[in-house]
Amino acid sequence: MSRLKWDKAYALEQAGDDLELVEELLDIFTDSLRTELELIARGLAEHSASMVYRAAHSIKGGAASLGIAAIAELASDIEQQSHAGSLDLAREKLPLLQDLLAELQEV
């Protein structure tokens, strides 16, 4: 879990110290992350920086709200690069985001 850089205390604070709510939010985010990563892959295949940008923006917000810094930071970097029209970072970092998704599913 260390690769996620997850601040569980922050997530609990955001959820009013309700562990069950945090677990539910993690499940929702995990499902959303899976979908958004598929959109990034599709955006890369279609050379669509705007599709990658929108997916990365969504990932960034969800991860930040749960205190999952590693995913939020990667998504932010991809968001910035794709907003500028570059897909290189998204192409490079998509496998890492997929690995982090797998790690998140084990939480």
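Analyst: In sorting a lining by class, Ala, Val, Leu, Ile, Met, Phe, Trp, Tyr, Cys and Pro count as nonpolar, Asp, Glu, Lys and Arg as charged, and the others, Gly among them, as polar. The model here is predicted, so local features need pLDDT of at least 70 and side-chain atom pairs pLDDT 80 or more, whereas totals for chains, interfaces and linings use all residues. Residues are numbered from 1 along each chain as its sequence is written, and side-chain values use heavy atoms, with hydrogens and water left out.

User: How many nonpolar, polar and charged residues does the lining of the largest pocket have?

Analyst: A pocket is an open set of points on a 1 Å grid over the protein atoms alone, where a 1.4 Å probe fits, with protein on both sides within 12 Å along at least five of seven lines, and lining residues have an atom within 4 Å of a point. Here the lining has six nonpolar, two polar and three charged residues, namely W6, K8, L19, V22, E23, L26, D27, T30, L104, Q105 and V107. The volume of this largest pocket is about 160 Å³.

User: Which helix gives the most to that lining?

Analyst: Helices are DSSP runs (H or I, at least four residues) numbered from the N terminus. The most comes from α2, with six residues, while α2 (19-45) and α5 (88-105) each supply at least two.

User: Which residues have the most contacts inside the largest nonpolar core?

Analyst: Such a core is a set of buried Ala, Val, Leu, Ile, Met, Phe, Trp, Tyr and Cys residues joined through side-chain atoms within 4.5 Å, buried meaning under 20% relative accessible area with a 1.4 Å probe, protein chains only. The largest one has 32 residues, and F29, L33, L37, I40, I68, I71 and L104 have the most contacts inside it. Two or more residues each come from α2, α3 (49-65), α4 and α5, and the largest share, seven residues, is that of α2. L104, which also lines the largest pocket, touches L4, L26, F29, T30, L33, I68 and I71 (heavy atoms within 4.5 Å), leaving aside residues up to four places away in sequence.

User: Is S82 buried or exposed?

Analyst: S82, in helix α4 (residues 69-83), is buried, because its relative accessible area is 3%. Setting aside residues up to four places away in sequence, S82 touches A49, V52, Y53 and L87. The buried residues of α4 also include A70, I71, L74 and E79, and the buried residues of this helix pack against α2, α3 and α5. After α4 comes G85, whose phi is positive, near 95°.

Note on methods:
Buried means under 20% relative accessible area, exposed over 50%, partly exposed in between (1.4 Å probe, protein chains only). Grid points are joined across faces, edges and corners, and a volume is the space filled by probe spheres set on the points.
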